[in-house]
Amino acid sequence: MELAAARQEGFVSKRLHKTNGTHSKDRPLVVIGILTGFGRKNNRDAVRKAWMGTGGALKKMEDQKGIVVRFIIGRSPNRGDSLDRGIDSENKQSNDFLVLDNHVEAPEELPKKTKMFFAHAADIWDAEFYAKVNDDIYVNIDALGNTLATYLDKPRVYIGCMKSGEVFSEPSQKWYEPDWWKFGDRKSYFRHASGEMFVISQALAKFISINKSLLRTYAHDDVSVGSWFIGLDVKHINEGKFCCSSWSSGAICAGV
C-alpha cells in the first residue's frame with residue numbers, strides 16, 4: 001500500500017464535503033455492479049426488463065436518481081474468441097457493461113472479480129456507495145435509494161443481510177474452502193453480508209482500490225469481502241431489506 005495515497009484517499013470519507021450530510025448532486029448516489037458471465041444473456045435481458053432499464057431509461061436513472069448500473073464481466077480464457085465477441089456485440093447495442101479486461105472469467109475466480117469490480121468502480125465513479133448484485137436478483141431501486149440516503153452521514157459502512165455459516169473442509173463438498181483451517185476449530189465463518197447483494201461506502205471502495213494487490217481472497221466472494229473489513233473501523237449494518245431470499249414489504253431485493 002502506498003502510504004501517501006492511503007492517507008489521502010484510502011480510509012477517509014469525502015462524502016460530507018459540501019453536502020452537509022446529504023447526497024451531493026455532483027456525484028452518483030450508488031454504482032451497482034451486476035456480476036454476470038458468458039451464457040447469461042437471458043438473465044441480463046430479464047434484469048433490463050424488470051428493473052435496470054435500457055437506453056434513455058438507464059440514463060434517466062443516472063441523471064435523476066444518481067444510480068449507475070452496469071453488468072460486470074471479464075474476458076474469455078481464449079482471448080478474442082466468440083464469447084468475447086458476443087459480449088462486445090451486446091455491449092455495442094446496450095452500452096451497459098463494465099468489462100474487466102484484465103480478469104479471466106472462471107467460477108473459482110469470482111472473489112477476485114468482485115474485488116476488481118469495486119477497485120475499478122471506485123476509480124471510475126466518485127460515488128457515495130458501491131453495490132454488488134448477482135444477475136438473478138431483482139432490485140427495488142426506489143427502496144434502495146431511500147435506504148442508502150439514511151446512511152449518508154456514516155463514513156464507513158458495510159450493509160447487507162449479515163450471516164455466518166459452516167466452513168467446509170472436504171474437497172468433495174460443494175462449498176469447499178481450501179483455507180478452512182484459518183477459521184478456527186469450530187469451522188465457522190465470521191459474520192459477513194450475503195453475496196446476493198450488499199453495499200459498501202466510498203471509503204471502503206477506495207480502500208479496496210488502493211490495497212487490491214494485498215487483499216486475500218477465499219473460496220467465496222462474500223466471505224472474502226467480509227474478511228477485508230473485519231479488522232477495520234467499519235460499521236457492519238445487518239439490514240433485513242437486503243435478505244433477497246425473503247421478499248417482504250419494503251424489501252430492496254429478491255431472487256428471480
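Student: Between which helix and which strand is the loop that holds asparagine 95?
Tutor: The model is predicted: local features need pLDDT of at least 70, side-chain atom pairs count only at pLDDT 80 or more, and totals for chains, interfaces and linings use all residues. Residues are numbered from 1 along each chain as its sequence is written, and side-chain values use heavy atoms, leaving out hydrogens and water. Helices (H or I, at least four residues) and strands (E, at least two) are DSSP runs numbered from the N terminus. On this basis, the loop of asparagine 95 lies between helix 4 (82-94) and strand 3 (97-104).

Student: Is asparagine 95 buried or exposed?
Tutor: Buried means under 20% relative accessible area, exposed over 50%, and partly exposed in between, with a 1.4 Å probe and protein chains only. Asparagine 95 has a relative accessibility of 59%, and therefore counts as exposed.

Student: Near what value is phi of asparagine 95?
Tutor: Asparagine 95 is a residue other than glycine, yet its phi is positive. The value is near 50°.

Student: With which residue does the side chain of lysine 113 make a polar contact?
Tutor: Lysine 113 belongs to helix 5 (residues 110-124), and its 3% relative accessibility is why it counts as buried. A polar contact is a pair of N or O atoms within 3.5 Å; within protein, one must be able to donate a hydrogen and the other to accept it, and residues adjacent in sequence count only if both atoms are side-chain atoms. At 2.8 Å, the side-chain partner of lysine 113 is glutamate 105.

Student: How are helix 5 and helix 7 oriented to each other?
Tutor: Axes are lines fitted to C-alpha atoms, for helices over the stretch in contact, and angles run from 0 to 180 degrees between N-to-C directions. The axes of helix 5 and helix 7 (residues 202-211) come within 8 Å and cross at roughly 110°. Angles under 35 degrees count as roughly parallel, over 145 as roughly antiparallel, 65 to 115 as roughly perpendicular and the rest as oblique. Helix 5 and helix 7 are therefore roughly perpendicular.

Student: Which residues of helix 7 meet helix 5?
Tutor: Contact means heavy atoms within 4.5 Å. From helix 5, Lys115, Phe118, Ala119, Ala122 and Asp123 take part. Their counterparts in helix 7 are Ala205, Lys206, Ile208 and Ser209.

Student: What is the angle between the planes of phenylalanine 117 and phenylalanine 118?
Tutor: Rings of Phe, Tyr and Trp (its six-membered ring) pair if their centres lie within 6.5 Å; planes under 30 degrees apart count as stacked, over 60 as edge-to-face and the rest as tilted. The count by this rule is five aromatic pairs. In the pair of phenylalanine 117 and phenylalanine 118, which is tilted, the distance is 4.9 Å centre to centre and the angle is 45°.

Student: How many residues apart in sequence are the parts that tyrosine 158 and phenylalanine 229 tie together?
Tutor: These two residues form an edge-to-face pair, 5.1 Å centre to centre with 70° between the planes. Tyrosine 158 is buried at 0%, and phenylalanine 229 likewise counts as buried at 0% relative accessibility. Because tyrosine 158 lies in strand 6 (residues 157-163) and phenylalanine 229 in helix 8 (residues 221-229), the separation of the parts is 71 residues.

Student: Which residues form the aromatic cluster?
Tutor: Phenylalanine 117 and phenylalanine 118 pair with each other, as do tyrosine 158 and phenylalanine 229. The one cluster is formed by Phe117, Phe118, Tyr158, Phe198 and Phe229.
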